[in-house]
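Thanks for coming, everyone. I'll keep this brisk. Please look at the model on the screen.

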Amino acid sequence: MKVLPTAIAEVKLLEPDVQKDGRGFFLESFKQDSFNAATGTDYDFIQDNHSRSSKGVLRGLHYQLPPHAQGKLVRVTSGAVFDVAVDIRRSSPTFGQWVGAELTAENHHQLWIPPGFAHGFLVLSDTADFVYKTTAYYAPESDRGLLWNDADIGIAWPELDVAFSLSEKDLKQPTFKLAEVFD
């Protein structure tokens, strides 16, 4: 597994070793010791999630506050997304900054988003299957979010030939200045 740098050191873009031949390909989508070595962490994943969305669907920006903060290891198994992580750790030198990466079924890249980051993605292809592991269970009492288009964060979402589609919940998230964040 290769680690590709991002602008925020704790967020890791991971490129698995893909073995290809005339029959197709093989890769290890997750191997605990390789993940630990690549990220310098030792988290236990306790849940896998899978969503399917159509072009223009924007999910996020979501996070959970302690004691239920979640780390996420995300990837795309069909289609393409633009995936984003926003640093919401007040004590961090990159507080309020974001990184984004295009994850596709073809590039097999995965993004490690540690606890302390808000996460969201925009579907770029006609449909996309988005699969991710979490380090904590969903806890409604800790569930929080940020407004996806907050000017103070300034995420450069890709332009599409369709309107973005968001849930009512995501349209009503607070701005970065008003959000509850990590200390």
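Predicted model: local features only at pLDDT ≥ 70, side-chain atom pairs only at ≥ 80, totals over all residues.

An α-helix has 3.6 residues a turn, so residues three or four places apart point the same way.

Next, salt bridges. How many does the structure hold? There are eleven. I'll take three of them.

Start with glutamate 15 and lysine 2. Their side chains meet in a salt bridge, 3.2 Å from N to O. Glutamate 15 belongs to strand β2 and lysine 2 to strand β1, so the pair ties together parts that are 13 residues apart in sequence. How accessible are the two partners? Glutamate 15 has 22% relative accessibility, so it counts as partly exposed. Lysine 2 counts as partly exposed too, at 46%.

Now glutamate 10 and arginine 89. The closest N and O atoms of this salt bridge are 3.4 Å apart. Both partners sit in loops. Glutamate 10 is in the loop between β1 and β2, and arginine 89 is in the loop between β8 (80–87) and β9 (98–104), so the bridge ties together parts that are 79 residues apart in sequence. Glutamate 10 is partly exposed, with a relative accessible area of 34%. Arginine 89 has 17%, and it is buried because that is under the 20% cut-off. This pair also belongs to a network: salt bridges link Glu10, Asp87 and Arg89.

Third, aspartate 48 and lysine 133. In this salt bridge the closest N and O atoms are 3.0 Å apart. Aspartate 48 is in strand β5, while lysine 133 is in strand β12, residues 127–134. The pair links distant parts of the chain, 85 residues apart. Is lysine 133 buried or exposed? At 18% relative accessibility, lysine 133 counts as buried.

Stay on β5, which spans residues 47–54 and holds histidine 50. This histidine counts as exposed, at 54% relative accessibility. Which residues does histidine 50 touch, leaving aside its neighbours within four places in sequence? It is in contact with Asp129, Phe130 and Val131. Look at tyrosine 132 as well. Histidine 50 and tyrosine 132 are 82 residues apart in sequence, yet their C-alpha atoms are 6.5 Å apart in space.

Tyr132 takes us to the pocket. The largest pocket has 27 lining residues, and those nearest its centre are Arg59, His62, Lys72, Tyr132 and Lys169. Two or more lining residues come from each of β5, β6, β11, β12 and α2 (168–171). Which element gives the largest share? That is β6, with six residues. By class, the lining has ten nonpolar, twelve polar and five charged residues. The space in this largest pocket is about 400 Å³.

What about enclosed space? The structure holds one cavity of 30 Å³ or more. About 40 Å³ of space lies in the largest cavity. Its lining is made of His62, Tyr63, Gln64, Gln70, Lys72, Ile113, Phe117 and His119. The elements giving two or more residues here are β6 (58–64) and β11 (117–123). Strand β6 gives the most to this lining, three residues. By class, the cavity lining has three nonpolar, four polar and one charged residues.

Last stop, serine 142. It is found in the loop between β12 and β13 (143–145). Serine 142 is buried, with a relative accessible area of 4%. What does it touch beyond its sequence neighbours within four places? Serine 142 is in contact with Tyr63, Gln64, Leu65, Pro66, Pro67 and His68.

Notes
Residues numbered from 1 in each chain as written. Heavy atoms only, no water. 1 Å grid on protein atoms, 1.4 Å probe; cavity = no way out; pocket = protein on both sides within 12 Å on 5 of 7 lines; lining within 4 Å. Points joined across faces, edges and corners; volume = space filled by probe spheres on them. Helix = DSSP H or I, 4+ residues; strand = E, 2+ residues; numbered from the N terminus. Nonpolar A, V, L, I, M, F, W, Y, C, P; charged D, E, K, R; others polar. Buried < 20%, exposed > 50% of the residue type's maximum accessible area, 1.4 Å probe, protein only. Contact = heavy atoms within 4.5 Å. Salt bridge = Lys/Arg side-chain N within 4 Å of Asp/Glu carboxyl O.
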